[in-house]
Structure formats: structure tokens, C-alpha cells
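User: I'd like to go through the salt bridges and the nonpolar cores here, and hear what each label rests on. Can you take me through them?

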Amino acid sequence: MAISFNKVVTNSTPASPLSINPAATANDVLISGQVCDFTDASTYSITGFDVIARQETTTDAQNLGVNRKKAATGSEGALSITNSAARAMIGFILALTGGDNTTPEDVTSVVANNNVGSGSPATITANITPVTDGCMIVAVMGTDTTASTDATTTFSTTAGTTGAWTTQADLNSGFNNIAVGTALQTTAGAITVQGSSSFATGNAGRALIVMAIKPAAGGASVFIKMVGNNFRLAGSGGLA
């Protein structure tokens, strides 16, 4: 079964907890991304989600986190993203249809971070090597600006091969900047993913979290066997 982007729901009003209703389809893989303007080792949690990665950037202050739910019920309603220090945050929940509901991550997710402030555009790369054909590559970038300014983020593949990237959400509020992009990789192989953020003033550190979500296993194959002058269908278990 092919994996595809379903939807993303965002909340760019800083709050703690942060409320988001994913309005997803049953069995969607859900990915949350959230960011706050602190570096205090505080953690993020959502009922029913596993922690994928968390990265702090110290250029100004940024705490970026990604969590994941293996299989949506389709009736979650509003979900609360909580921060262990009650830090106000912004974020999103992205839904992918057709992902593996047992072990969604094809390989271990990767994290890159750069605390050195850069002028606009600020870029960062991360390397990941999926092993299953047809994975959806998901990249979440936080831009740690030294001024209260909106960052505009894009994603690209600078080595290896994927389909075109789409920035599915790009959120800003004061010093908080987070974006998520997706690209389908038809044939598995090593890639370098780049996030690039542009902003009007100041410098910025940056963090990038990259995941490869593998597709669910396909259905049974169907074969056609000719018996005399008739055709007979048989499943992948063998011909009748």
C-alpha cells in the first residue's frame, strides 16, 4: 500500500498545553512537532504518542520536539501537547495515510543541530538511509532566531534521490519558528536532506529532525491460472 500525505493541523498561538485536533483518518500515522523558546531540558508528551526526538539549540534559545502515534483512531478529538516545564509552545500534528502501524520508522530518525548563528538564509543538513522502497521522508526544522522575526522554511534533497519536497506547514510566533516538509522516496537509498530558513533580521541557529516512515505491507497478490478453457483466480498462497 502506498503511503501519502493526508493532512496537517496547526496551532501557532503559544500555549501550554497546546491543543490540536488532528481530525485524522483511522490508522493514519500521526507526527507532532512542537517548539518553545527555552533551553531547560523540558520534555514534550502527548497521550498515545511515542517520543521520536528532542533537540535544544542555544543560539538564542529553542527546544524542538517530535512525537509519533503509530495508528490514529480517527476519533481522537482535541489532543493536548504538554511540556514538562509548562513552557508555551506552537506546533502541528501531521497525518500520513498508508503507513506501517507496527513499526512506522523504517530506520532510526536522525537529528542535526547548529548553535552557530547564521544570517539569512540559514541552512542545515541531515543524512538518513532508508532501506524500504516507498518511504515518506518527513523533515521538521526549528529556526532559533536572535530577533523576534518570522522565518520562511523550505526543504530539499541535496544528495541521493527523492520526489519533490512540499513544505506542509510553516509556523511562526515571536521567537518560535517550526516547519515540516515531506517528500516520497520511491527507491530506498542514502539521502541528504537540507532545511533552509529565510528571515528579515538577526541571525539564527537551527535544528533538523528527519524521519523515514515506511509504507504498510501490501495486500495478497492475485494470480490467474488457466484450467481448460476457464480462468481461475488464486491468492498468493498458491494456485488452486
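User: What makes the contact between the side chains of Arg-54 and Glu-56 a salt bridge?

Analyst: First, a word on the source: this is a predicted model, where local features need pLDDT of at least 70, side-chain atom pairs count only at pLDDT 80 or more, and totals for chains, interfaces and linings use all residues. Residues are numbered from 1 along each chain as its sequence is written, and side-chain values use heavy atoms, with hydrogens and water left out. Now the label: a salt bridge needs a side-chain nitrogen of Lys or Arg within 4 Å of a carboxyl oxygen of Asp or Glu. Arg-54 and Glu-56 are 3.0 Å apart, N to O, so the pair qualifies.

User: How many salt bridges does that rule give?

Analyst: The count is five. One of them joins Arg-68 and Asp-50, at 2.8 Å from N to O. Arg-68 sits in strand S6 (residues 62–69) and Asp-50 in strand S5 (residues 50–57), so the pair ties together parts 18 residues apart in sequence. Strands here are DSSP runs of E, at least two residues long, numbered from the N terminus.

User: Why is Arg-68 called buried?

Analyst: Buried means under 20% relative accessible area, exposed means over 50%, and partly exposed is in between (1.4 Å probe, protein chains only). Arg-68 comes in at 5%, so it counts as buried. Asp-50 has 36%, so that residue is partly exposed.

User: And what links Asp-50, Arg-68 and Glu-105?

Analyst: A network of salt bridges. Arg-68 also meets Glu-105, at 2.7 Å from N to O. Glu-105 lies in the loop between strand S8 (89–97) and strand S9 (110–118), so this pair ties together parts 37 residues apart in sequence. At 15% relative accessibility, Glu-105 is buried too.

User: Which residues touch the most other members in the largest nonpolar core?

Analyst: Ile-31, Leu-96, Val-138, Ile-178 and Ile-213, out of 22 residues. A nonpolar core is a set of buried Ala, Val, Leu, Ile, Met, Phe, Trp, Tyr and Cys residues joined through side-chain atoms within 4.5 Å. Strands supplying at least two residues each include S3 (29–36), S6, S8 and S11 (135–145). Apart from this core lies another, of 17 residues, among them Ile-124, Ala-126, Ile-137 and Phe-155.

User: What does Leu-96 touch?

Analyst: Contact means heavy atoms within 4.5 Å. Leaving out residues up to four places away in sequence, the partners of Leu-96 include Ile-3, Phe-5, Val-29, Ile-31, Met-136, Val-138 and Ile-213. Ser-4, Asn-6 and Asp-28 are among them as well.

Key
Helix = DSSP H or I, 4+ residues; strand = E, 2+ residues; numbered from the N terminus.
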